[in-house]
Amino acid sequence: MDLRLPGPRGLLRRPRRLIAAAAAVVVLAGAGTWTAVADDDAPAVRRADRALTVGDGVRLDTSYFTSATTGRRPAVLLAHGFGGSKDDVRQQAEELARDGYAVLTWSARGFGESTGKIGLNDPKGEVADVARLIDWLARQPQVELDRSGDPRVGMAGGSYGGAISLLAAGYDDRVDAIAPSITYWNLADALFPNGVFKKLWAGIFVNSGGGCANFEPRLCEMYERVAESGTPDTEARELLEARSPSAVGDRIDVPTLLVQGQSDSLFPLDQADAAARAIRAGGAPVDVDWIAGGHDGGDLETSRIQQRVTAWFDRYLKGDKGADTGPAFRVTRTGGVDSTDGEALLRGASADTYPGLESGVRSIGMSGPEQTFDNPPGAGPPAVSALPGLGAGGGLAQLSALGVGISLDFPGQSARFESAPLSQDLRITGSPTATVHVRSSSEDAVLFAKVYDVGPDGRQQVLPSQLVTPVRVEGAKSGKDVTLTLPAIDYEVGKGHRLRLVLASTDLAYASPLAPATYTVSLKGDLKVPTAPGVTAAAAPLPAWVWWLPLTSAVIALALLLSARRRTATPAPDPALSDVPLQITGLSKRYAKSADRYAVQDLSFRVEKGQVLGLLGPNGAGKTTTLRMLMGLIKPDGGEIRVFGHAIRPGAPVLSRVGAFVEGAGFLPHLSGRENLELYWRATGRPAEDSHLDEALEIAGLGDALARAVRTYSQGMRQRLAIAQAMLGLPDLLILDEPTNGLDPPQIREMREVMIRYAAAGRTVIVSSHLLSEVEQSCTHLVVMDRGRLVQAGPVGEIVGSGDTLLVGTGTPVEEPVVEKVAALPGVASAVLTGDGLLVRLDADGSASRLVAELVRLEVPVASVGPHRRLEDAFLTLIGGAA
């Protein structure tokens, strides 16, 4: 996510060159650290980490990437998203460096290791920081210069980083090309659309920034004021507008690639449309790319977009006229689900010119009488459309492209108007519009407009991209005509389906008036639908050889196809393993772009019912890769995983018997714990009675806290709520990745009891944790991994108390060379230092008496010898101290 707020309006009108010229000299706060980043198939990249101190004393944490090639080259500034840091864009920085660019990344004020308050791209703060970074680039010997002090430089970034790219191009004419993605043009319009407060996204912003106190005081005061009143005021709008790219839109005159997300209730497509129109009006080249994902989740198409950004910079920074920058407009469309891996099938459509949001308008007749409905007291229960904070992990909004509806409107709180069944398929590309007459019992009315795709049966309805248009109608008491501009979408409505226009009085993501009111609405005319006829998805022509392929070749191809199908078919279930929660056999996974380096290699172990199994290993041991393969998120290169006898593949039905808690869960802070879980389960599409909600909550032990808003929860309570979410449906196999992260000792003890209670009913728990003492108390069995391989597996008691590991107490500390000699002794498998002496693991030929004799010979000051009894000791000896 990304966001920034405003600064003095006068500064916005100053010439762009002024900020660069007046920028204080950047002070190098240290020589920096150089690191070589190697890749088997590409030239090495050199990274220098530096802290740069800007004029007001703020320290920016930066990384500078260059390849070993000689000569000067264009530079690229890569900005990160809100709540992130420079580390988020490291991979793209390395790729651009290999492609011949000098790349500078940095953590913005208040993020990562950088200091200062978050200013939401304040022209005097974050925007001025970019000018100083450009000053620094101009002094680097690797960077190409257009003139003294003016480097050839482009900027790219997502969300918050996309906005700073646009702002820098408006304030500093040394920026030569930009590629912002999923970002805003006018932050006030994004957070206060049509005068309505987007409360959930605003709250998520503040939380992901570390809390209100981490922002500039004016921003914090503004947020608290608007959040309390529920109504944006003029001062709040001006504050955000002053820090928006729209404030300097007439100054952005550089080639711009705008990438915007279709699954995005935070920064919808109309933000990119406004940017495209403004920048093109200034005469600059502009291409627009609508990707499948966005802030609400879905596929961000990272690889394709990074390739397009590189081509954009090749064209406009390197001057490569042959670089293929793609079409003027491209939109990604979802065409069903891949049956092999459960992923959405994506395809592109394009046009030679950007069509905007109002191209090829068709009129669709709508019917329905004048209708009266209520805004309930307290604006609850609210209707549900987008789910900020829940959608990001799995892309709930993208489900609408696959014909799955998760929205909710309450009877008596909405009006609806409907079309006749469509006589043919209808592709909507842009923003539909409709005019309605609104009358309210209160002075103002707040409505939420949306267009559904309704199936032939009249019951199933899908809200495209889960988007709504909020609108505040002032002076509605006497009645008023209002033209609604509905959310921009790219969506196909099938033949025989209907369009349904719904006006609701509430929405979960927005602030509605708390006072009760009655609204009366009637429709004035047709629904106007843009179709963008110039956007086409041409089918790829068949290769020429298909037409002249000899019959014999066809027979060979058919034989190969049949054999391939046999090889890739899902193995039949193994009846002998139907009661075994998990069996892993010969599992292997290579690192990307490597034929012989393994993240996991030849891993085998088995887990039985009722066990709590701890998965242990140092960083890089392969634990996370193993869990991802177990959950069907990635495919192994060898071996197999069977859950209750069924082979695991992405989307395998048996995965419904698996629950997982990985890196926490996102919850809506304004809802109670119970409401969050109910909403999550409803989004899965499974029957409510299958959730076993009460049983999961009893195990989690949250008690009366379930009725409280999640924002009041402690970290421990949030963790237990997240595990309760993983336990919904009472899966037979529960996977927990670092469930005690961030908890204090009493909370850790409570989490331990949750795991033990869950397994007590015969279910199985697998927990990955770095807290060895906790694993020792919580788990019945262990699997220890190191460097992708199994080191040992078995009951905790056997591993902890195995007699082949001895704790040798020493009177004085032992030097490392002596430890190496002990490790090399006959009968010794490994030896490592501890605070009390040595941990020595014996092999099959070793014995305690023989070891003591050898230690005396080496003049080791032996004070005591005995078997160890701590899991930490066992773990260190098993992995040879590599942790």
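Accessible areas are calculated here by the Shrake-Rupley method with a 1.4 Å probe, and for residues only the protein chains shown count as cover. On that basis the accessible surface of the protein comes to about 36,600 Å², of which 50% belongs to carbon and sulfur atoms. This is a predicted model, in which local features need pLDDT of at least 70 and side-chain atom pairs count only at pLDDT 80 or more, while totals for chains, interfaces and linings use all residues. Residues are numbered from 1 along each chain as its sequence is written, and side-chain values use heavy atoms, with hydrogens and water left out.

The predictor's confidence in each residue, pLDDT, runs from 0 to 100; the protein averages 83, and 84% of the residues score at least 70. Over residues 391-404 the pLDDT is below 50, and over residues 538-568 it stays under 50, a stretch for which the model has 2 contacts beyond four places in sequence, a contact being heavy atoms within 4.5 Å. Where pLDDT is low, the predicted coordinates should not be read in detail.

The protein has 24 helices and 42 strands, which are DSSP runs numbered from the N terminus (helices H or I, at least four residues; strands E, at least two). Of its 883 residues, 54% count as buried, meaning under 20% relative accessible area with a 1.4 Å probe and protein chains only, whereas exposed means over 50% and partly exposed lies in between.

A nonpolar core is a set of buried Ala, Val, Leu, Ile, Met, Phe, Trp, Tyr and Cys residues joined through side-chain atoms within 4.5 Å. In the largest one, of 82 residues, Leu77, Trp106, Leu137, Met155 and Phe192 touch the most other members, and helix 5 (residues 160-171) supplies the largest share, 8 residues. Apart from it lies another core of 40 residues, among them Leu702 and Tyr758.

Side chains of opposite charge can pair when their charged atoms come close. The structure holds 39 salt bridges, each a side-chain nitrogen of Lys or Arg within 4 Å of a carboxyl oxygen of Asp or Glu. One of them joins Arg308 to Asp287, with the closest N and O atoms 3.4 Å apart; Arg308 lies in helix 11 (residues 302-316) and Asp287 in strand 12 (residues 286-291), 21 residues apart. Arg308 is buried at 7% relative accessible area, and Asp287 also counts as buried, at 10%. Both belong to a network of salt bridges that links Asp287, Asp289, Glu301, Arg304, Arg308 and Arg330.
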